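Please look at the model below before reading on.

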Amino acid sequence: MLITHDTRCALDVVVDLVNTAAEGDSAPDTLPDVAALADFVRKHDFSDVGVLSEFDLSAVRKVRGRFAGIFASTDPRTAAGLINELVAAAGTTPQLTDHDGYDWHVHYFAPGASVADHLAADCGMALAFFVVAGEQERLRRCEAPDCRRAFVDLSRNRSRRYCDSRTCGNRLHVAAYRARRKEAAG
């Protein structure tokens, strides 16, 4: 599957956004206020975003919940329905642009769109490409029982199981190794 630079950027944004949500008692919401939303917007180099407000924060949290539903969906029809709702509500207006030193790419949000509509349109379309390509199963949650962070499996054989093999994957492999050693020792 060919993934363009702007689609890859949108995938990174949607994964980071979904992962800002609280995960039970283990991880707090890392998008608690407008300042955190402004940091998120700066970190991801959003273009054409004005002054952010509590309304924007609430709208982005709603969009985040819808994206989480897409990562949780087990069939393409459900994912497609959620994506269609997000993209339609954002009032997508595809347009070619070459701003800020980036080559030509497509923005799916209308000029002057809210940050929530920006996310819903651009990230929704990036996820739509995966459903269209029959690759929706690549939108995953970490299999580590204490993690469950979202990620996009871009491995060649669709075999990635953990959000980060150096942390979650390694931790589980070490635990399994120690359990086998303990069992072998008697």
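Axes are lines fitted to C-alpha atoms, for helices over the stretch in contact, and angles run from 0 to 180 degrees between N-to-C directions. Helices (H or I, at least four residues) and strands (E, at least two) are DSSP runs, numbered from the N terminus. The model is predicted: local features need pLDDT of at least 70, side-chain atom pairs count only at pLDDT 80 or more, and totals for chains, interfaces and linings use all residues. Residues are numbered from 1 along each chain as its sequence is written, and side-chain values use heavy atoms, without hydrogens and water.

**Helix pair.** The axes of H3 (residues 54-72) and H5 (residues 115-132) come within 8 Å and cross at roughly 15°. H3 and H5 are therefore roughly parallel (angle under 35 degrees). Their crossing is right-handed: the near helix is turned clockwise from the far one by less than a right angle. Contact means heavy atoms within 4.5 Å. On the H3 side, the contact residues include Val 63 and Phe 67; on the H5 side, they include Leu 119 and Cys 123. The contact residues divide into twelve nonpolar (Ala, Val, Leu, Ile, Met, Phe, Trp, Tyr, Cys, Pro), one charged (Asp, Glu, Lys, Arg) and one polar (the others, Gly among them).

Two arginines have positive phi although neither is a glycine.

Methods:
Parallel < 35°, antiparallel > 145°, perpendicular 65-115°, else oblique.
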